[in-house]
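Could you walk me through this model in my viewer, one selection at a time? I would like to know what to pick next and what I will find there.

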Amino acid sequence: MLTTYCSYLCLCSKSQHPLCFLSYRSDEYILSPRTVGISQWTAGMLWKLLGRCQPCRLCAFRRMLSASQYRPVLAYFPYTTDNRSNKENKRTVEKLYKFSVDIRKIRRLKGWVLLEDETYVEEIANILQQLGADETAVASILERCPEAIVCSPTAVNTQRGIWQLVCKNEEELVKLIQQFPESFFTVKDQENRKLNIQFFQELGLKNVVISRFLTTASNVFHNPVEKNKQMISILQESYLNLGGSEANMKVWLLKLLSQNPFILLNSSVAIGETLEFLQEQGFTNSEILQLVSKLKGFLFQLCPRNIQTSISFSKNAFKCSDHDLKQLVLKCPALLYYSVPVLKERIQGLLKEGISIAQIRETPMVLELTPQIVQYRIRKLNSLGYRIKDGHLANLNGTRKEFEASFDKIQAKKGRPLFNPVAPLNVEE
């Protein structure tokens, strides 16, 4: 056999495999004494075999293993902070530790805050403490809203004054900050915020409603106050044009705003197009006003094309005329609001439970319930021996409170004794 002075790894090939080589010296292969006398034929065959050998998998594995040995250790710990700690503001970290803040939470959620050169940890904590927040509350607020420490103390004090316009006292303000810290420490558009609060108060909205706007519908306050005034005027005009009375307009408007403040983010064009589309569908002004009130103004957030799609699907699903469909919509305005996939899922869920299309047409409000709620309520009613598919869907319908009240009545009726347990029994001795 032919042996070489080279290390026998594998023969180099022009493929995508790792490069393997056959080492040599002085361009001549070194033969050991044992190879003397080997026939030329044997040498030729061996060269052919070597030429046909595939790239060595062991070589590729060793190459991969050697490469992994030099892989940086941090690559295995993508969330490590060792490399980042050199860039963190040490003074900020120390001050946060002073107020018992869990730095790990901040690093995990919003670590960029710790990289800021200018922070106001002590100033923000002092403002919260002046409002009456204890140490635990301060730590919790800073952990949940770390960006508070990059807010200017002047801006935070201004925000404090604005929010106190709708809070009874500082204790109530602290509770709001604890529940919605991000809303409080969003300190932009402060002048708009203040002017809009004053406008809402003049309009007649209660402070508790306005405070809910501040925490859950803060986008409303980013609007210039003039735009909100314009939208209020459009809603009032639409109400009167649909047959509403001047005497009830304020009550209607305040209720609509308290239920859906996002209606102020709509455009006057969208409101006009929606009202015009409903009139084209044959709804009278009083019926349209009824739909707007029941849907809490969310109807204006839909484009006519989506409403038309939902109407067409409902008409085919219930196999009814235009007049019958309009009556269904008036009973269940959500038929206009829900998309086709949602309506399809809910109708199919009811059918799987053995409820018929005729039952759904009789009580279409049941479509406001999700399939999960329907299954839960049907199981509860079945536990009392009440078969919903053989009865009326009114017992299945309603809010959670209404359903529980209806369930308790059925349960009391089922559990009513056939005799008076208090009356003495006449037993012959």
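Start by selecting Asn-196 and showing its surroundings. Leaving aside residues up to four places away in sequence, Asn-196 touches Val-220, Phe-221, Asn-223, Pro-224, Val-225 and Asn-228. Keep in mind as you look that this is a predicted model. Asn-196 sits in helix α11. Is this residue buried or exposed? Asn-196 has 0% relative accessibility and therefore counts as buried, the cut-off being under 20%.

Next, select helix α8, residues 153-163. Which of its residues are buried? Colour Pro-153, Ala-155, Val-156, Gln-159, Arg-160, Ile-162 and Trp-163, the buried residues of α8. Now bring in what covers them: the cover includes α6 (121-131), α9 (170-179), α10 (181-184), α11 (190-203) and α12 (207-216).

For the last stop, select helix α17 (residues 304-318) together with helix α20 (residues 340-352). Two packed helices are described by the angle and the distance between their axes. Here the axes come within 9 Å and cross at roughly 25 degrees. Angles under 35 degrees count as roughly parallel, so α17 and α20 are roughly parallel to each other. The crossing of α17 past α20 is right-handed. To see the contact itself, show the side chains of Thr-309, Ser-310, Phe-313, Ser-314, Ala-317 and Phe-318 on α17, then Val-340, Leu-343, Lys-344 and Ile-347 on α20. Colour these by type and you will find six nonpolar, three polar and one charged.

Conventions:
Residues numbered from 1 in each chain as written. Predicted model: local features only at pLDDT ≥ 70, side-chain atom pairs only at ≥ 80, totals over all residues. Heavy atoms only, no water. Axes fitted to C-alpha atoms, helices over the stretch in contact; angles between N-to-C directions. Helix = DSSP H or I, 4+ residues; strand = E, 2+ residues; numbered from the N terminus. Parallel < 35°, antiparallel > 145°, perpendicular 65-115°, else oblique. Left-handed = near helix turned anticlockwise from the far one by under 90°. Contact = heavy atoms within 4.5 Å. Nonpolar A, V, L, I, M, F, W, Y, C, P; charged D, E, K, R; others polar. Buried < 20%, exposed > 50% of the residue type's maximum accessible area, 1.4 Å probe, protein only.
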